[in-house]
Structures are given as structure tokens and as C-alpha cells.
Amino acid sequence: MSTPPMVAPDTQIEWRAPVSDDELVELTRSHGGSPEAGWWDRVRAHSLGWVTARSGAGQLVGFVNVAWDGGDHAFLIDTKTRPTHQRQGLGTVVVRRAVEEARAAGCEWLFVDFEPPLAEFYLEACGFRATSAGLIHLTGPV
């Protein structure tokens, strides 16, 4: 992994801190995503934990969820960084905290999938390695 990035000194990075569905909807909208109200309320119960990043003013500026199978396997999903905080190392800090917490919880493996433009972020900045995997798009044509 590369040198740890620096984020604004007043940024608060926390594991399993309270975060509302409304905050996640707003964060998702901020970067052009298509949020689904109620999503976090449904998903939270399946999470090992999550990492939040808040500005000094308390605004949610970064997030990642760690889903898991209840055993050795964890899954990094829903990485989000507010556009005003992108390309400053915040996403890397949030993901690295998720890695540390999954390791501390006794997970052996942490998986992530991503679109090709994000390969440099996950593989170089965050320390994941490329692997062979399979995927079925369940809502697409058979």
C-alpha cells in the first residue's frame, strides 16, 4: 500500500457511528447516484459495521459498508465520498479503516468489486489485489 493520505484535521472517521438513512440518501445524491429511501434501514442489519467520515461541521462526507457472512468473509460495498472531498485521500482512509475493523473482527477475507475506472483506487491506494471472480447479473436478461 502507498503512504497513508492526509485528510482535513477536523474530519472524524468512526466505526459503527450513528448514520441515518436520510444522510446516506443525501450523500448518494451529492455524487449523482440514485439513492433508494429506506435502503440503509434494510441493509444495516446485515453489516459487520460501517465507517463514516464527517466534516468538522458534522456533515457526512464519506461512507463505506462492510457486509459479511457471519464468519470469515466480509464484503466492502457502497463506498461513497462527497464530491467536495474527493481526490483528497478521504476514500482511502475510510476503506483502510474498514479493512482494519474487518481484520479485528476475525474476518479472513475482505472482498470488493468495482468498475475498471476504480481499479487504481482499490488496487493501488487501498491495497486490494486483483483476483478472478464470477458474476451473474440477476436483474438482466438470462
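Modeller: Let's start with asparagine 65, which sits in strand 3, residues 60-68. Strands (E, at least two residues) and helices (H or I, at least four) are DSSP runs, numbered from the N terminus. This is a predicted model, where local features need pLDDT of at least 70 and side-chain atom pairs count only at pLDDT 80 or more, while totals for chains, interfaces and linings use all residues. Residues are numbered from 1 along each chain as its sequence is written, and side-chain values use heavy atoms, with hydrogens and water left out.

Is asparagine 65 buried or exposed? Asparagine 65 counts as buried because its relative accessibility is 0%. Buried means under 20% relative accessible area, exposed means over 50%, and partly exposed is in between, using a 1.4 Å probe and protein chains only. The side chain of asparagine 65 makes a polar contact of 2.7 Å with the side chain of serine 47. A polar contact is a pair of N or O atoms within 3.5 Å; within protein, one must be able to donate a hydrogen and the other to accept it, and residues adjacent in sequence count only if both atoms are side-chain atoms. If we set aside neighbours within four places in sequence, the residues in contact with asparagine 65 include Trp40, Val43, Ser47, Trp50 and Phe75. Here, contact means heavy atoms within 4.5 Å.

Now look at the loop between strand 2 (47-54) and strand 3, where you will find glycine 58. Glycine 58 counts as partly exposed because its relative accessibility is 33%. From glycine 58 to serine 132 the C-alpha to C-alpha distance is 40 Å, and the two are 74 residues apart in sequence.

Which residues of helix 1 (residues 21-30) are buried? They are Asp21, Leu24, Val25, Leu27 and Thr28. These residues lie on the same side of helix 1 because they cover an arc of only 165 degrees around the axis, the arc being that of the directions from the helix axis to the C-beta atoms. On the face turned away from that buried side, helix 1 carries the exposed residues Asp22 and Arg29. After helix 1 comes glycine 32, with a positive phi near 85 degrees.

Strand 1 (residues 12-15) holds isoleucine 13. Its C-alpha atom is separated by 5.7 Å from that of threonine 52, 39 residues apart along the chain. Beyond its neighbours within four places in sequence, isoleucine 13 is in contact with residues including Val51, Thr52, Leu90 and Val93.

Strand 4 brings us to a pocket. The second largest pocket holds about 750 Å³ of space. Of the 24 residues lining this pocket, Thr79, Thr81, Leu118, Phe121 and Tyr122 are the closest to its centre. Strand 4 gives the most to this lining, with six residues. On a 1 Å grid over the protein atoms alone, a pocket is an open set of points where a 1.4 Å probe fits, with protein on both sides within 12 Å along at least five of seven lines, and lining residues have an atom within 4 Å of a point. Grid points are joined across faces, edges and corners, and the volume is the space filled by probe spheres set on the points.
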